[in-house]
Amino acid sequence: MSRYHIRVGMTFGTIFLVLVIVSVSQSLSLALSIFNLCLISAIMALGVNIQWGYAGLFNVGIMGFTALGGLSAVLISKECVSEAVSAGGAGLFISLIILGITIAASLYVHKKFNRKWMVFVLVLAGIFITRNFFMEATRAIEAINPAYEGYLGGIGLPILFSWIAGGLLAAGAAWLIGKISLGLRTDYLAIATLGISEIIIAVIKNEDWLSRGVKNVTGLPRPVPFELDLQQAAWFKDMIASLYAGSIGHLPVSEQAAAVTTRINDASIVVVKLCYSGWFLAVLVLILILAGLALNSPWGRMIRAIRDNETAASAMGKDVKQRHLQIFVIGSAIAGISGAMLATYNGQFTPGSYVPLRYTFLIWVMVIVGGSGNNLGSVAGGFLIWFLWIEAEPAGFWLADICTSFLDKQSPIRLHLLENAQYIRLIFMGGVLLVVMRFRPDGILPETNKKL
Amino acid sequence: MLTDFFNAIVLLLNFVIVPALSYGSQLALSALAVTLIYAILRFANFAQGDTMALSTVITILLTWLLQKYGIGLGFLPTAFLALPMAIVVCLFYMLMVDKFIYRYYREQNSKPITVVMVSVGVMFVTAGLVRFIIGPDHHIFSDGARFIITARDFKTMTGLSEGLALKTSQFLTIVTAVILVGGVFYFLQKTKTGKAMRAYSDNKDLALLSGIDPDWIVRVTWILAAVLTTIAGVLFGLDKGFMANSYHQLLLPTFASVIVGGIGSPVGAIVGGFVISFSELMLTYAYKKFLIYLLPAFLEPGGLVQFLGTEYKFAISFVILVIVLLIRPTGIFKGKVI
């Protein structure tokens, strides 16, 4: 037991203790919701940590990759809207083919003649023709039952597959983006990824035929049973009744049935959340193990060598650009997986809710506070910051209440500030980030094998 | 025939060129602030959008106060009266942030990327302050005369069927931007402090060796940034109304302008601002009516003749940004080399 191990134990012990306190003082169900979102945040933070902590890539486009994960949850799990496919599928297919032909022809012309204006004309013509078919097809798709559908739907597989698909989709996008932007210097890369994530969100928000845009997709299938089914299942009823038999027995007979029903309802909510926790925990542990193995392999040492001194590493014959691309793809894929998990947990995909403060910069705070370069640190950071993010809202309200208590109860300024008290958590998060960066730049759990 | 031609030109002026000029001026001012901070303090300031919002919030509060007491500027917006005070408050905020946050990293000689991350922290705090003070809603705080020329006046004046409306806010934006940019360039080129700033930006060690006081340079940079940021924010707000989120999102086109022009180059920031604003408006404008005026009847276009929907405005600035980064990473005017 080194000091580091004690520190790890204490960090996670504290987190566990805090969650227990919440479950006792508020409710178990609330504690579990926080815990589940903590798990998802921890996975997102792992993705960022792999990019920043291992390789020093400053990616502020996490939001885009999580949104792609969410999109894949829709595309995998929703039932196919067959009318929409028959209305616009052919048109979409044709426009896809024309687009492919355009790209191929442009590449050919570029190679053969090397004239920029020819490529330009070709691309313009291709886009023009594609648009024609594309607009027609999308209009047809969006016209079909727009109140509930108006999009292509998905392929109707179990939603768990979307976690894999989300990872793959994000990885594909990351490969494309990485190819273009990884040659850039760190702060340029940051700005480029920030912009690209905004583009991804803009596309998802506005291409209604694909994702229903801001009309949202609700009612995604679940990988766990529904509360209502549990409440009606005989075995579940019996189990809860026998579990609580002791505590209910002393009640008058007339109240016993009602008491049992309440307990069954509460228990069904808790059980469903526990099922989610099980899935999320499994994914987190799997990623954690794989990431740990990778980090301590020769490959991992190479990545860290590149991070610490790019010039020296490339002098030793390491392909810096290729390694950066690899890391960028892996980290983004993890962000994609977590995005799909988040959509699964929420049971809906709401493109309008993706904002960089919450989905990019908050994740960065988790990584920096947790300790960049340390996987366990990122997990701890994910837990801690998400917990603070949730609890800072009531705390902000309380703070605003105290600070304005000298004002009249009905004073408009007081009411206005109380209404906006939820935003105090932004100030609080920024404060945490600034304090950690100033006084403990290595984070709660610093990188352990720095000197390897 | 000739009337058709003039109608087409007026149409383009009204919907593309005048709005692009005013939006471009706002971007240029904001980009100038970012580029100055980059040139002197050597980090990309992610807090720019929210700092703009904060200074605009201060202006709005002061404007409301002035309006309550019935003090105004006639046909000019009252916000202009509140502006100097708001600049002072904004400057105070920036100097405090610098004193308690950025200075430490400057003295430690931290890597630029660390300071960028610190600026993300500042962004969080500033964004929280803005939303706490004024909330997430849309506020319109412009008063005074709304138009200098209304579309109808223009039509009766010229007899054309297309009108050209010039909003007071647009006119003021362009005039203010010209004066302000002229002032900043005069300062940088002609005054002793301005020359010292450029020397400091070019070669810090050499500048320090020749007795330039770094603290003074940094302070002057923040003063310039505060003036530019506040005025840019207020002009944007007068033009389009204030909403915390839209200011936060201005960060993206601002960065695009800076990089397209060449990061660290003041002229580049201005040019970049206009490149971004003109491409955004020109690519999202539907040219149907414009072409109807110009083309003979049988060539009349069927669709809207719009390259991209207005919802992809952001995408444009970033596509331009990426193209510039790939082809000419130093920007149009050679900025700081990688």
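Student: Let's start with A:Ser77. Where in chain A is the place of A:Ser77?

Tutor: A:Ser77 is in helix α3, which covers residues 62–77 of chain A. Keep in mind as we go that this is a predicted model.

Student: Is A:Ser77 buried or exposed?

Tutor: The general idea is to count neighbours: a residue is called buried if 20 or more other C-beta atoms lie within 10 Å of its own. A:Ser77 has 28 C-beta neighbours inside 10 Å, so it counts as buried.

Student: Which residues is A:Ser77 in contact with, leaving aside neighbours within four places in sequence?

Tutor: A:Ser77 contacts A:Gly154, A:Leu157, A:Ile159, A:Ser162, A:Leu220 and A:Pro221.

Student: What share of the contacts in chain A with a separation of 6 or more comes from residues 24 or more positions apart?

Tutor: For chain A that share is 82%. Of its 452 residues, 43% are buried.

Student: Back to α3(A). How do I read its packing against α7(A)?

Tutor: Two packed helices are described by the angle between their axes and the distance between the axes. Here α3(A) and helix α7 (residues 186–206) of chain A pack at about 30 degrees, with axes 8 Å apart. Angles under 35 degrees count as roughly parallel, and that is why α3(A) and α7(A) are described as roughly parallel to each other.

Student: Which residues in α3(A) and α7(A) meet?

Tutor: From α3(A), you'll find A:Met63, A:Gly64, A:Ala67, A:Leu68 and A:Leu71; from α7(A), they meet A:Ile196, A:Ser197, A:Ile200, A:Ile201 and A:Ile204. Sorted by class, this contact has 8 nonpolar and 2 polar residues, with no charged ones.

Student: And what is the angle between helix α2 and helix α15 of chain A?

Tutor: About 170 degrees, for α2 (residues 28–55) and α15 (residues 320–346), with the axes 9 Å apart. Angles over 145 degrees count as roughly antiparallel, so α2(A) and α15(A) are roughly antiparallel to each other. Their contact divides into 17 nonpolar, 7 polar and no charged residues.

Student: What about the nonpolar cores? Which residues have the most contacts inside the largest one?

Tutor: As background, in soluble globular proteins, nonpolar side chains tend to be buried together. The largest nonpolar core in this model has 218 residues, and A:Ile43, A:Val365, A:Leu433 and B:Ile259 have the most contacts inside it. The helix α2(A) brings the largest share of this core, 18 residues. Apart from it lies another core of 10 residues, including A:Ala84, A:Tyr151, A:Leu152 and A:Trp209.

Student: Which residues does B:Ile259 touch, not counting those up to four places away in sequence?

Tutor: From chain A, B:Ile259 touches A:Tyr188 and A:Ile191; from chain B, it touches B:Leu321, B:Val324, B:Leu325 and B:Gly331.

Student: How many residues does each chain bring to the contact between chain A and chain B?

Tutor: Chain B brings 34 residues and chain A brings 35. On the chain B side, α3 (79–108), α4 (112–134), α10 (244–261) and α13 (313–327) each supply at least two residues. The most comes from α4(B), with 15 residues. By class, that side of chain B has 28 nonpolar, 4 polar and 2 charged residues.

Student: How is chain A divided into domains?

Tutor: Domain 1 is 3–80 + 153–439, and domain 2 is 81–152. Their C-alpha centres lie 35 Å apart. The contact takes 7 residues from domain 1 and 12 residues from domain 2. The domain 1 side of that contact has 3 nonpolar, 2 polar and 2 charged residues.

Student: Last one: what should I look for in backbone phi values?

Tutor: Most residues other than glycine have a negative phi. A:Arg212 has a positive phi, near 65 degrees, and lies in the loop between α8 (208–211) and β1 (217–218) of chain A. B:Asn109 is also a residue other than glycine with a positive phi, near 55 degrees, and sits in the loop between α3 and α4 of chain B.

Student: Are these two buried or exposed?

Tutor: A:Arg212 counts as buried because it has 26 C-beta neighbours inside 10 Å. B:Asn109 is exposed, with 6 other C-beta atoms within 10 Å.

Terms used
Residues numbered from 1 in each chain as written. Chains lettered and ligands numbered in written order. Predicted model: local features only at pLDDT ≥ 70, side-chain atom pairs only at ≥ 80, totals over all residues. Buried ≥ 20, exposed ≤ 12 C-beta atoms within 10 Å, placed from the backbone. Contact = placed C-beta atoms within 7 Å. Helix = DSSP H or I, 4+ residues; strand = E, 2+ residues; numbered from the N terminus. Nonpolar A, V, L, I, M, F, W, Y, C, P; charged D, E, K, R; others polar. Domains from an automatic or database assignment. Axes fitted to C-alpha atoms, helices over the stretch in contact; angles between N-to-C directions. Parallel < 35°, antiparallel > 145°, perpendicular 65-115°, else oblique. Core = buried A, V, L, I, M, F, W, Y, C linked by C-beta atoms within 7 Å.
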